[in-house]
Amino acid sequence: MDDPLNKVREESFETILTVLNARCDAVANRLRPHTVSKHDFFNKTPKWHRSCRAKWTSKTNIDQATHTLARSPCGKFTRQSLPEFDFKTMCVICGEKNLTGKYRHEYLRRVETTSIQETLFNKAVALNDQKLILRIQGDGSSAIDMVAAKVRYHKHCYDILRLREVGVEVKTDVYAKAFETLLCDISVPLTKGKVFYASTLKQMYQNHLASAGLEDDKVAQYRTSSLKKRLEKHFGSGILFVPQGGKTSDLVCSAHLSAAELVKAWKDLKMDVEKTIYM
């Protein structure tokens with residue numbers, strides 16, 4: 001018997017969302033990224049067989065799917081398989097709490113805008129990230145109110161999520177990522193005449209490496225000489241390293257400073273360090 005393809009009617013959209021919320025099969029996982037926007041969904045002129053629609057939306061079949069093992073054979077997660085999640089103390093993306101330690105200083109931030117909320121949910125759906133979807137999906141195909149729920153996240157996790165592409169494994173150069181963050185910290189101050197100790201810059205860079213996910217032992221092994229090479233490669237002749245006597249770390253400054261400006265900036269730096277010591 002022929003079973004021709006029929007256009008999906010707009011009044012069926014709510015039914016589709018209800019089924020997607022209950023199912024975690026291959027069809028649901030394939031459809032879910034396309035149902036974030038009703039308008040976009042119907043712009044693609046979706047079609048289905050009448051028999052397939054009846055079978056997939058059958059209450060009996062949905063009930064059977066709902067009562068399968070918490071982790072289905074296809075390896076997808078269901079809410080029953082996930083441990084209880086505390087939005088107020090855990091990163092919604094990685095599931096970890098504040099990352100602190102000798103080199104780690106990655107604190108949780110609150111989702112405070114709908115823009116961040118939409119980015120989190122839309123990216124999770126596009127990537128078919130089942131864990132994240134189940135954490136933040138509300139009724140139908142929309143997200144929970146993350147602002148009201150006081151959902152937290154790590155900035156690094158959020159940045160990586162935004163950069164991920166569908167079907168592409170994330171391979172982030174943590175050294176390059178940490179260096180970009182360091183540049184954000186020091187580029188403007190350097191142009192304004194600020195002077196740094198090379199050892200201080202190394203410590204800042206190590207903090208960023210740890211926040212980017214590098215193991216503590218590798219963070220500890222990173223040398224000041226390696227950072228100097230990165231800085232020289234980036235700034236070229238625009239950066240200057242001034243050797244200090246004894247065991248004191250080199251000074252790092254803009255090469256455009258005059259001798260008088262360098263001396264003044266160095267004195268200011270020494271005063272700042274002394275204030276920190278005696279605070």
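This is a predicted model: local features need pLDDT of at least 70, side-chain atom pairs count only at pLDDT 80 or more; totals for chains, interfaces and linings use all residues.
Visitor: What is the phi of lysine 150?

Guide: The general idea comes first. Most residues other than glycine have a negative phi. Lysine 150 is not a glycine, yet its phi is positive, about 55°.

Visitor: Is lysine 150 buried, partly exposed or exposed?

Guide: Look at the relative accessible area, where under 20% means buried and over 50% means exposed. Lysine 150 has a value of 33%, so this residue is partly exposed.

Visitor: Let me try another loop. Where does threonine 45 lie, and what is its phi?

Guide: Threonine 45 belongs to the loop between helix H3 (38-43) and strand E2 (47-49). Its phi is near 50°, again a positive value in a residue other than glycine. With a relative accessible area of 40%, threonine 45 is partly exposed.

Visitor: Now to the strands. How do strands of a sheet pair?

Guide: Strands of a sheet pair through backbone hydrogen bonds, and they do so either parallel or antiparallel. Here you can find an open sheet of three strands in the order E7-E9-E8, with antiparallel pairing. Strand E7 (196-197) and strand E8 (239-242) are the edge strands, each pairing on one side only.

Visitor: How many bridges join E7 to E9, and over how many do E8 and E9 pair?

Guide: Two bridges join E7 to E9, while E8 and strand E9 (residues 251-254) pair over four bridges. Phenylalanine 196 has valine 252 in E9 as its bridge partner. Valine 242 stands opposite leucine 251 in E9, and isoleucine 239 faces serine 254 in that strand.

Visitor: Is serine 254 buried or exposed?

Guide: Serine 254 has a relative accessible area of 11%, so this residue is buried. Leaving aside residues up to four places away in sequence, serine 254 touches Leu190, Gly238 and Leu240.

Visitor: How far apart are serine 254 and serine 187 in sequence and in space?

Guide: They are 67 residues apart in sequence, but their C-alpha atoms are 9.5 Å apart in space. For the protein as a whole, take the contacts between residues at least 6 apart in sequence: 68% of them join residues at least 24 apart.

Visitor: Next, the helices. At what angle do the axes of H10 and H12 cross?

Guide: The axes of helix H10 (residues 198-211) and helix H12 (residues 224-235) come within 10 Å and cross at roughly 90°. Angles of 65 to 115 degrees count as roughly perpendicular, and H10 and H12 are therefore roughly perpendicular to each other.

Visitor: Which residues meet there?

Guide: From H10 come Ala198, Leu201, Lys202 and Tyr205, and they meet Thr224, Leu227, Lys228, Arg230 and Leu231 of H12. By class, this contact has five nonpolar, one polar and three charged residues.

Visitor: Can we finish with the whole protein? How many helices and strands are there?

Guide: Look for 13 helices and nine strands. The protein has 279 residues, of which 35% count as buried.

Conventions: Residues are numbered from 1 along each chain as its sequence is written. Side-chain values use heavy atoms; hydrogens and water are left out. Axes are lines fitted to C-alpha atoms, for helices over the stretch in contact, and angles run from 0 to 180 degrees between N-to-C directions. Angles under 35 degrees count as roughly parallel, over 145 as roughly antiparallel, 65 to 115 as roughly perpendicular and the rest as oblique. Contact means heavy atoms within 4.5 Å. Ala, Val, Leu, Ile, Met, Phe, Trp, Tyr, Cys and Pro count as nonpolar, Asp, Glu, Lys and Arg as charged, and the others, Gly among them, as polar. Buried means under 20% relative accessible area, exposed over 50%, partly exposed in between (1.4 Å probe, protein chains only). Two strands pair if DSSP finds at least two bridges between them.
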